[in-house]
Amino acid sequence: MTQASINIDLDTLADDIDSHRRMIHDDGLPAITYDCVLPRFLALLDRHHVKATFFIIGRDVADHAPLLRRLAADGHELANHTMHHNKQLVNLGDAEIHDEIAECHRLLTPLSAAPIVGFRAPGYTISSRVIQVLRKFDYRYDTSLNGSLTYSVIKRLFKATRLQDQSYVTCQPIADHFGPRRPFRLADGRMTAADPSSRFTEIPVSVIPWVHYPFVTSVLLPLGIGPTLWALRQLVARGLFVNCGLHINEFTDPSDVAGRSEHFYYTSRLMRTPLANRLHYFDTVMAALKEHCEIVLLRDVRA
């Protein structure tokens, strides 16, 4: 049976950009995401009796440690999403990359009986230098490599024509878009080179055949449930691993941010779809995943 994993980036409202396409700086926003938004996703998982992998930003751990500890105790996986969610991670110096990973790892480790072994880079942008640090911490996998040419073109156009804060986005080299489409043992030195003897696995973002679009719900949700289920069928028909990636702000309701002065650029676009409709969308996706796939945590993916 085709394997699938449900995983979510806990990028809070503080990691969005405003109406001027500049980064938002408000230390109070993560609490809204954890206290108001996250419970909706947890209820979704409970309704379908499935476990998920949570990519946690280290700076949010201290304020939400009891909740994260409960997630791990309930059988979910905690994974590293860097300390500060710097989307220029691959452009930092070696020492800064090390600290971004090490500090998040240090904070997550006491919260889970299972070791912290997984990583996703901010903005799906990864490099061999980052992987080298992960290997030093004995991580087993990364799941950042996004081979979607469609996604890459949209991202580059947005950065070039609309984004005012250029530090918010960095792009994966074009050559990295032509790597394996299945989880593979990653060789040293190049992001798309496989080595069966390696102990480190790259779990790429799932790319939908034909349209070269990523199977990431934040970019599938506006298309509706029909295209999403069609995309899932294409992956399953080819026996491809289904890396079902979500972002927590997809579960935000306008009432969560009522009275705030910020305009949340990406989250506002998601909220154009009423929350009830979004929850129905996710219930349908979860049911289809359970019907057609063996759902596993990312740490248990076969390569």
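**Helix α5**

I started with helix α5, which runs over residues 149-161 in this predicted model. I counted 13 residues there. From the first C-alpha to the last, α5 reaches 18 Å, close to the 18 Å expected at 1.5 Å a residue.

Next I looked up how α5 begins. A side-chain oxygen of Ser148 comes to within 3.4 Å of the backbone nitrogen of Thr150.

**Two sides of α5**

Which residues of α5 are buried? I found Ser152, Lys155 and Phe158. Looking down the axis of α5, I saw that its buried residues fall within an arc of 135°, so they line one face of the helix.

I wanted to know what they pack against, and it's α8, residues 265-270.

Then I turned to the face of α5 that points away from the buried side. Leu157, Ala160 and Thr161 are the exposed residues carried there.

**Asn249**

With α8 on my page, I moved to the loop between β10 (242-247) and α8, where Asn249 is found. Is Asn249 buried or exposed? Its relative accessible area is 9%, and the cut-off for buried is under 20%, so Asn249 counts as buried.

I then listed what Asn249 is in contact with, leaving aside neighbours within four places in sequence. The list holds Asp11, Thr12, Leu13, Thr33, Thr267, Leu270 and Arg278.

One of these, Thr267, got a second look from me. The side chain of Asn249 makes a polar contact with the side chain of Thr267, at 3.3 Å.

Note on methods
Residues numbered from 1 in each chain as written. Predicted model: local features only at pLDDT ≥ 70, side-chain atom pairs only at ≥ 80, totals over all residues. Heavy atoms only, no water. Helix = DSSP H or I, 4+ residues; strand = E, 2+ residues; numbered from the N terminus. Expected span 1.5 Å × (residues − 1). Buried < 20%, exposed > 50% of the residue type's maximum accessible area, 1.4 Å probe, protein only. Arc of directions from axis to C-beta. Contact = heavy atoms within 4.5 Å. Polar contact = N/O pair within 3.5 Å; in protein donor to acceptor, adjacent residues only side chain to side chain.
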